[in-house]
Amino acid sequence: MTEKLILDGNRVADWMKEVLVERIGVLSKRGIVPCLATVLVGSNPSSATYVKMKGNACRKLGMRSIRVDLPENTTTSELIEEINKLNEDPNVHGILLQHPVPPHIDERTAFDAIRIEKDVDGVTTLGYAQNAFGIAQFPSCTPAAIMAILAYYDLEVAGKHAVVIGRSPILGKPVSAMLLNSNATVTTCHSRTANLEEIVRLGDIVVAAVGKPNFVKGSWIKQGAIVLDAGYNAGNVGDVDYKSCLLNASAITPVPAGVGPVTIATLLKHTVDAAER
Ligand code: NAP
């Protein structure tokens with residue numbers, strides 16, 4: 001068996017955070033502490049965990065984090081009112097509205113209430129469009145993390161066939177655009193894709209963003225392909241069946257310690273970028 005490259009997300013994240021510590025130090029001399037505000041509506045336990053992790057990550061680097069926890073029955077206009085307060089607060093540099101919000105809320109309208117300068121997770125319509133053009137200040141964090149992993153390990157994207165499984169506005173679609181902007185030939189698959197396995201077998205780069213544990217099987221992976229698993233399911237399980245995919249892949253992200261920690265480091269980086277601006 002040829003040697004496998006395990007794409008270590010903790011290593012990439014640590015490298016990114018080292019650079020950030022220096023930049024946060026420079027800002028603090030000017031009396032600026034980068035601050036991320038997280039907004040959580042309702043009590044979804046996974047969302048609460050994600051928000052807590054993001055707050056802890058901020059504090060560990062000497063950044064501030066503000067938590068806005070709103071009850072399940074919050075209306076769209078009440079949520080927008082809270083977002084507007086954060087928009088107006090000069091001490092808040094980044095705003096993250098945790099997805100998903102309860103179904104009665106108009107998530108798109110709420111996302112679009114975030115000012116573009118503070119849209120550190122690239123969720124607004126404008127931020128999404130800028131990403132499609134390749135000019136986003138803050139592309140969505142998980143897609144940006146996937147690109148950061150490829151860049152860190154010096155894995156060539158140009159000219160490769162990338163197959164993305166998933167087309168959500170926060171992950172599948174923006175990562176497809178980023179790969180395309182990096183000159184990959186991109187196929188984006190979804191729940192209505194016919195012959196999914198055959199298409200995945202064509203991929204030199206496979207990105208799994210499905211939300212189904214162990215969904216991508218080893219037999220779907222072309223010999224030597226690079227596999228990036230954005231999935232995060234209950235019990236720390238990815239969307240890729242890691243053991244079987246490892247057999248054919250030349251490089252692969254594990255779960256945990258793959259895309260997840262780099263996503264958080266990217267969020268911190270975007271917040272520091274926003275504070276510097
Ligand atoms: P999502 O909004 O539920 O989207 C899932 C996508 O997968 C949809 O486009 C869906 O197709 C597609 N899909 C579902 N079943 C399929 C099937 N049988 N065959 C092919 N495609 C199928 O999920 P998401 O928010 O993009 O998240 C995807 C995964 O990433 C989840 O595991 C989530 O936990 C994880 N995630 C991780 C991070 C991180 O930091 N690592 C951040 C965000 C999300 P349709 O469009 O046709 O429905």
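Q: Where in the structure is Asn214 found?
A: Asn214 is in the loop that lies between S7 and S8. Strands (E, at least two residues) and helices (H or I, at least four) are DSSP runs, numbered from the N terminus. This is a predicted model, in which local features need pLDDT of at least 70, side-chain atom pairs count only at pLDDT 80 or more, and totals for chains, interfaces and linings use all residues. Residues are numbered from 1 along each chain as its sequence is written, and side-chain values use heavy atoms, with hydrogens and water left out.

Q: Why does Asn214 count as partly exposed?
A: The relative accessibility of Asn214 is 30%. Buried means under 20% relative accessible area, exposed over 50%, and partly exposed in between (1.4 Å probe, protein chains only). The value for Asn214 falls in between, so Asn214 counts as partly exposed.

Q: What is noted about phi of Asn214?
A: Phi of Asn214 is near 55°, which is a positive value in a residue other than glycine. Asn183 also has a positive phi, near 75°. Asn183 sits in the loop between H7 and strand S6 (185-189).

Q: Why does Asn183 count as exposed?
A: Its relative accessibility is 54%. That is over 50%, so Asn183 is called exposed.

Q: What makes H5 roughly parallel to H7?
A: The axes of helix H5 (residues 125-133) and helix H7 (residues 172-181) cross at roughly 25° and come within 8 Å. The axes are lines fitted to C-alpha atoms, for helices over the stretch in contact, and the angles run from 0 to 180 degrees between N-to-C directions. Angles under 35 degrees count as roughly parallel, over 145 as roughly antiparallel, 65 to 115 as roughly perpendicular and the rest as oblique. The crossing angle therefore makes H5 roughly parallel to H7.

Q: Which residues make the contact of H5 and H7?
A: On H5 they are Tyr128, Asn131, Ala132 and Phe133; on H7 they are Lys173, Pro174, Ala177, Met178 and Asn181. Contact means heavy atoms within 4.5 Å. By class, the residues of this contact are six nonpolar, two polar and one charged. In this division, Ala, Val, Leu, Ile, Met, Phe, Trp, Tyr, Cys and Pro count as nonpolar, Asp, Glu, Lys and Arg as charged, and the others, Gly among them, as polar.

Q: Which residues of the largest nonpolar core touch the most other members?
A: They are Ile146, Leu150, Leu179 and Leu228, in a core of 30 residues. A nonpolar core is a set of buried Ala, Val, Leu, Ile, Met, Phe, Trp, Tyr and Cys residues joined through side-chain atoms within 4.5 Å. Elements giving two or more residues to this core include helix H1 (9-29), helix H6 (141-152), strand S5 (161-165) and helix H10 (259-276). H6 gives the most, with six residues.

Q: What does Leu179 touch?
A: Not counting residues up to four places away in sequence, Leu179 touches Met147, Leu150, Val157, Ala162, Val164, Ala184, Val186 and Val207. Another core lies apart and has 20 residues, including Val39, Val41, Ile105 and Ala110.

Q: Why is Thr38 called buried?
A: Thr38 has a relative accessible area of 2%. That is under 20%, so Thr38 is buried. Thr38 belongs to strand S2 (residues 35-41). Leaving aside neighbours within four places in sequence, Thr38 contacts Val51, Ile66, Arg67, Val68 and Leu96.

Q: Why does Thr74 count as buried?
A: The relative accessibility of Thr74 is 3%. This too is under 20%, so Thr74 counts as buried. Thr74 lies in the loop between strand S3 (64-70) and helix H3 (76-88). Beyond neighbours within four places in sequence, Thr74 is in contact with Val41, Leu79, His104 and Ile105.

Q: Why is Glu276 called partly exposed?
A: Glu276 has a relative accessible area of 33%. Glu276 is placed in helix H10. With neighbours within four places in sequence left aside, Glu276 contacts Arg23 and Leu27.

Q: Which residues does a cis peptide bond with omega of about 0° join?
A: Such a bond joins His99 and Pro100. Pro100 is in the loop between strand S4 (94-97) and helix H4 (107-112). The peptide bond from Val255 to Pro256 is cis as well, with omega near 0°.
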